[in-house]
Amino acid sequence: MIVARTITDLKEHLYALSEGGRRSIGFVPTMGYLHEGHASLMREAKAKNVIAVLSVFVNPTQFGPNEDLDRYPRDEERDLKLADECGIDVVFLPTVQQMYPKPSKTSIIVSGLTDRLCGASRPRHFDGVGLIVGKLFHLIKPDRVYFGMKDAQQVAVIQQMVDDLNFDTVIVPCPTVREPDGLALSSRNVYLSAEHRAQAVILSQSLEQARGWIQEETMTAGSLLSRVKERIGSAPDAVIDYVELLRYPSLEPLDEQELTHKLESPALLAMAVKFGTTRLIDNSLYHPSGGV
Ligand code: AMP
């Protein structure tokens, strides 16, 4: 496994390994502190492409001023070991100086899709995501890029960016990997106290219950959201940031009175919930057929 820390190194290795772009490249962008969710993406990238590339970069431009940039967990040694085990060929581990040698004056703003959910709670977050993902796509020129549906809004935003800017790459959404009790794996789970970790299972539990509620004949979007919020509220320390039901991938809101068993397009039930200073997100995609 090659570890490239500079853009020059990365380009040289990729050019040689891909034989000048003739062999397929699968790419997994991450912020590190890797877990089984990331591993599932890495294995998929290696299974479906000749060359698998991982990037580990805690991207400052996607963090707000009062967010956890400085304390974001890091463990380079463990990340490299897991990447190697998953068959990654090249790890790109740039410094902030490599990616942003001078302040960027160019923005990639995907309008509309970024107004809601995490975009509303974290202003400019998706501008930072668009910028770094755009830069990485140009450097790596991947044939396929693997993203987790845990960040469903991110998948919708990046797909829109790829379509709008004609990036020559296919976005591959991958399922959310969970702990045995249902909690979605996240690098940020390490922040949770034992008490909050126990309560955090309420996110996946409420999504699971909603799957049944959504099929009730008289269930409306409005009452579904009320029930889900009430369920989350049963965890004593849960503070809801948002719980929303939106069409996917357009992220347009459903009419409050819309009957959920009559949905004609996929709907995303998405939530962000805080336990102390830790903000967790989770979601479920409901298909009109009733499948998930
Ligand atoms: P992050 O390092 O948190 O920026 O995530 C990097 C990639 O891993 C993103 O595409 C995430 O959606 C994906 N990811 C994070 N957690 C999970 C998970 N539990 N299951 C599947 N993919 C995940």
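This is a predicted model: local features need pLDDT of at least 70, side-chain atom pairs count only at pLDDT 80 or more; totals for chains, interfaces and linings use all residues.
Colleague: Which strands does helix α9 lie across, and at what angle does it run to β9?

Modeller: Helix α9, residues 202-213, lies across β8 and β9. Its direction makes about 20 degrees with that of β9. Helix α10 (residues 221-233) also packs on this sheet, where it touches β7 and β8. The angle between α10 and β7 is about 155 degrees.

Colleague: How should I read the sheet under those helices?

Modeller: Strands of a sheet pair through backbone hydrogen bonds, and the pairing is either parallel or antiparallel. Here 3 strands form an open sheet in the order β7-β8-β9, and the pairing is antiparallel. β7 (238-247) and β9 are the edge strands, each pairing on one side only. On average, neighbouring strands are turned by 15 degrees against each other, direction ignored.

Colleague: How many bridges hold β8 and β9 together?

Modeller: There are 9 bridges between β8 (residues 267-275) and β9, in the antiparallel sense. One place to look is Met271, whose bridge partner in β9 is Asp282.

Colleague: What is the strand order in the sheet of 6 strands?

Modeller: The order is β1-β4-β3-β2-β5-β6, in an open sheet with parallel pairing. β1 (2-4) and β6 (170-174) stand at the edges with a single partner strand each, so one side of each has no neighbour in the sheet. From one strand to the next, the twist averages 25 degrees. Within the sheet, β3 (residues 51-56) and β4 (residues 90-92) run parallel and are joined by 3 bridges. Val53 stands opposite Val90 in β4.

Colleague: Which helices pack there?

Modeller: Two can be named. Helix α1 (residues 7-17) lies across β1, β2 (25-30), β3 and β4, and runs at about 160 degrees to β4. Helix α7 (residues 152-165) touches β5 (144-148) and β6, and its direction makes about 155 degrees with that of β5.

Colleague: How is the chain divided into domains?

Modeller: Domain 1 covers 2-174 and domain 2 covers 187-286. Their centres, taken over C-alpha atoms, are 27 Å apart. For contact, the cut-off is heavy atoms within 4.5 Å. By that criterion 22 residues of domain 1 are in contact with 20 residues of domain 2.

Colleague: What does a search for cavities find?

Modeller: A cavity is a space where a probe fits but cannot get out. The whole structure has 1 cavity of 30 Å³ or more, and the volume of the largest cavity is about 40 Å³. Its lining consists of Leu183, Ala184, Ser186, Asn189, Leu203, Leu280, Ile281 and Asp282. By type, these lining residues are 5 nonpolar, 2 polar and 1 charged. Strand β9 (residues 278-286) gives the most to the lining, with 3 residues. Asp282 of the lining is also the bridge partner of Met271.

Terms used. Residues are numbered from 1 along each chain as its sequence is written. Side-chain values use heavy atoms; hydrogens and water are left out. On a 1 Å grid over the protein atoms alone, a cavity is a set of points where a 1.4 Å probe fits but cannot get out, and a pocket is an open set with protein on both sides within 12 Å along at least five of seven lines; lining residues have an atom within 4 Å of a point. Grid points are joined across faces, edges and corners, and a volume is the space filled by probe spheres set on the points. Helices (H or I, at least four residues) and strands (E, at least two) are DSSP runs, numbered from the N terminus. Ala, Val, Leu, Ile, Met, Phe, Trp, Tyr, Cys and Pro count as nonpolar, Asp, Glu, Lys and Arg as charged, and the others, Gly among them, as polar. Two strands pair if DSSP finds at least two bridges between them. Axes are lines fitted to C-alpha atoms, for helices over the stretch in contact, and angles run from 0 to 180 degrees between N-to-C directions. Domain bounds come from an automatic or database domain assignment.
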